[in-house]
Amino acid sequence: MSTATIDQPAAPEAIESFTVTLIIRRFDPEVDDEPRWQDFDVEMFPTDRILDALHKIKWEQDGSLSFRRSCAHGVCGSDAMRINGRNRLACKTLIKDLDVTKPVYVEAIKGLPLEKDLIVDMEPFFESFKEVQPFLMASSKPADGKERIQTVAQRARFDDTTKCILCAACTSSCPVFWTDGQYFGPAAIVNAHRFIFDSRDENAAVRLDILNDKEGVWRCRTTFNCTEACPRGIQVTQAIAEVKQAIMRGKP
Ligand code: SF4
Ligand code: FES
């Protein structure tokens, strides 16, 4: 009787870990007069994200490191931060997409009051959001007591701006917002756009009037920082331009 040999599948190649240096801008209001930079070396895999690196530091090296995060999958919008000078979500930034031959700089987003380490006070951001009345307003009831009917084209008109997760990456990358904290900022305008162009809503004129304010859309200098920063790929600058046009010509 002959014995046949069965080829074993090749063992998967082991993924090598390596050391990444993170330089994090720290600030503890109880101790520090000014923020300071602190280095951390962390053992990471290419498939890890900056959020994993922050967790490793917090859990294994310095439990006082403070940052926000919740979903860890790009949905809640709570971990926007500046990574190598660019606004990103820590949970969506892969180590392999960064040049780790150099240190990775991590700091809080700009333009909002710094509270601790990577945490800023988001209240001014949400105040602007609330001011544009980001909810459906309709005086009439839907026909037959059923849902409000909308065509595919009507729904598509504002589809892009429904994707906002209120992470503030756009607003806190805007040079106008850095110098003028009163400016509504891109995120508030994006969320106004979402309802201004909704065929079921009847309050576009009120929102357009709010955004025609001196701290409204006319502050935008079309630098495109907001569009580049948006982790959801929303065409933020275009949405602002559409709101400007609607103010000048009326809601199309
Ligand atoms: S528009 Fe984009 S960057 Fe701005 S808050 Fe919404 S998801 Fe974040
Ligand atoms: S932790 Fe929720 S978006 Fe990053």
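1. In this predicted model, the secondary structure of the protein chain amounts to eight helices and seven strands.

2. As to overall dimensions, the radius of gyration of the protein chain is 23 Å, whereas a compact globule of 252 residues would have one near 18 Å. Taken along the principal axes, the box filled by the C-alpha atoms of the protein chain is roughly 80 × 70 × 30 Å.

3. Of the 252 residues in the protein chain, 35% are buried, and among contacts between residues at least 6 apart in sequence, 66% join residues at least 24 apart.

4. Five strands form an open sheet in the order β2-β1-β5-β3-β4, and the pairing within this sheet is mixed. Because β2 (36-44) and β4 (86-89) each have a single partner strand and stand at the edges, one side of each is left without a neighbour in the sheet. On average, and with direction ignored, neighbouring strands of this sheet are turned by 35° against each other.

5. The pairing of β1 with β2 deserves a separate point. Strand β1, which covers residues 18-26, runs antiparallel to β2, and the two are joined over nine bridges; within this pair, Phe-18 is placed opposite Met-44 of β2.

6. Helix α1, formed by residues 50-61, packs on the sheet, where it touches β1, β2, β3 (80-83) and β5 (104-107).

Methods: Residues are numbered from 1 along each chain as its sequence is written. Chains are lettered from A and ligands numbered from 1 in the order in which they are written. This is a predicted model: local features need pLDDT of at least 70, side-chain atom pairs count only at pLDDT 80 or more; totals for chains, interfaces and linings use all residues. Two strands pair if DSSP finds at least two bridges between them. Helices (H or I, at least four residues) and strands (E, at least two) are DSSP runs, numbered from the N terminus. Axes are lines fitted to C-alpha atoms, for helices over the stretch in contact, and angles run from 0 to 180 degrees between N-to-C directions. Two residues are in contact if their C-beta atoms, placed from the backbone, lie within 7 Å. The radius of gyration is taken over C-alpha atoms; the globule rule is 2.2 Å times the number of residues to the power 0.38. A residue is buried if 20 or more other C-beta atoms lie within 10 Å of its own, exposed if 12 or fewer, and partly exposed in between; C-beta atoms are placed from the backbone.
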